[in-house]
Every structure is written in structure tokens, then in C-alpha cells.
Amino acid sequence: MNVYDFDKTIYKDDSTRDFVFYTFFKYPKCFLSLPKIIFFGVLFGLKVIDKTNFKEKLFSYLKNLDNIDNILDEFVELHYYKVQNWYLLQQKDDDLIISASPFFLVKKFCDKMNVKNLIASNVDKYTGIYDGLNCYGYEKVLRYKSVYNNARIEEFYSDSYSDTPLAQIANKAYLVTNGKLSDWKF
């Protein structure tokens, strides 16, 4: 099995950031949540709260959106061009995408790419509430092992050394920088 990070790996940019900006500018009532987001952003920057708590506060703006499924479909249609061609050319049926981005967001891209296996942050798309920790760093390994036990990863691809724990359990790991692949440096 080959395992891939999503943001800045398969998807050219950060899908969460793109989705937040898209929804804020298309649905201005999201701006009602901006003071709260800025406040908790400062607390996160000062390391008073962790990443999961900050992201939960960020995604609380989802309560201001009607028909989230239609919004997600529109977003994916408009942003699918950011899926990297190098990935589509080597894609296999048993690929696994593992991402810190919300499951509800990455799942829509996976459906369009016909990727069946996904592990991502469990975020309620209606409330922004997390079920568990943000799927980041070593948490990705824990989630992987909870589903696939100790199955070895054939190849692993990511843009970030925060994914070193996953790279360490792969036969081969690649760093993805602007769509270019290079060997992972441990």
C-alpha cells in the first residue's frame, strides 16, 4: 500500500485554508465568527491552546452555513484543478490518504479521484466539533495502526517533516516540494 499526505502533496495547496477562504468570501455571514477565530488564533499562537482546540474553534463557523454538502461539492468542483497530475498518473486502487484536514473535506476529493481509503481529522461538518485529536504528526501513525495494524507502508509521500513518524514505517519515503519528488532525508 502507498500512503499519501493530502495538503501540499496530492492537493497543490492547503485545502483547509482554501475552503475557509472560499466559504468566508462566498458566504459573508461567516465573518460573524471572525472575532472568535482571531481570539483563539492568538491563544494558539501563544501556545495557550493546542492545534485541535484552535481548529475546533475555527470550524465553529460551519454553524453559519446552510446546505454544507452543496457547498463542499461546489468547492471541490472549483478546486479540483489543484490535484497534482503526478499523483493521478501513479494512483493505485489501494492507496491511502492520511490528512490533518477534516475528513468531510478530503472525502469529497477522494470520491472524485476514486480513492477508497482515507484517514483524516474527524470534524463534524455542521458544528466544527472534533471527535478525537487533530490527525497530525504521530497521531497519523496511531490512526494508521488502528486500522491497518502493523502493515508496512510500501511508499509514503508528504510535503512535511512533521510526517516523519509515518515515513519511518515505510519501505520508501518521498518528500514532495511543489509537485517534485525527492528522497526523504532522515
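**Exercise 1.** Which residues does Thr9 touch, not counting residues up to four places away in sequence?

*Solution.* The structure is a predicted model in which local features need pLDDT of at least 70 and side-chain atom pairs count only at pLDDT 80 or more, while totals for chains, interfaces and linings use all residues. Residues are numbered from 1 along each chain as its sequence is written, and side-chain values use heavy atoms, with hydrogens and water left out.

Step 1: Thr9 sits in the loop between strand S1 (2-4) and helix H1 (15-26), where helices (H or I, at least four residues) and strands (E, at least two) are DSSP runs numbered from the N terminus.

Step 2: list its contacts, meaning heavy atoms within 4.5 Å. With residues up to four places away in sequence not counted, Thr9 touches Gln84, Trp86, Tyr157, Ser158, Asp159 and Val176.

**Exercise 2.** Is Thr9 buried or exposed?

*Solution.* The relative accessible area of Thr9 is 0%, so Thr9 is buried (under 20% relative accessible area, whereas exposed means over 50% and partly exposed in between, with a 1.4 Å probe and protein chains only).

**Exercise 3.** Classify the aromatic pairs that Tyr4 forms with Tyr87 and with Tyr157.

*Solution.* Step 1: recall the criteria. Rings of Phe, Tyr and Trp (its six-membered ring) pair if their centres lie within 6.5 Å, and planes under 30 degrees apart count as stacked, over 60 as edge-to-face and the rest as tilted. Searching the whole structure gives 24 aromatic pairs.

Step 1: take Tyr87. Its ring centre and that of Tyr4 are 4.7 Å apart and the planes stand at 80°, so this pair is edge-to-face. Because Tyr4 lies in strand S1 and Tyr87 in helix H5 (residues 85-90), the pair ties together parts that are 83 residues apart in sequence. Tyr4 is buried, with a relative accessible area of 0%, and Tyr87, at 0% relative accessibility, also counts as buried.

Step 2: take Tyr157. Tyr4 and Tyr157 are stacked, with 4.6 Å centre to centre and 5° between the planes. This pair links distant parts of the chain, since Tyr157 belongs to strand S4 (residues 153-158) and Tyr4 to strand S1, 153 residues apart. Tyr157 is buried too, at a relative accessible area of 3%.
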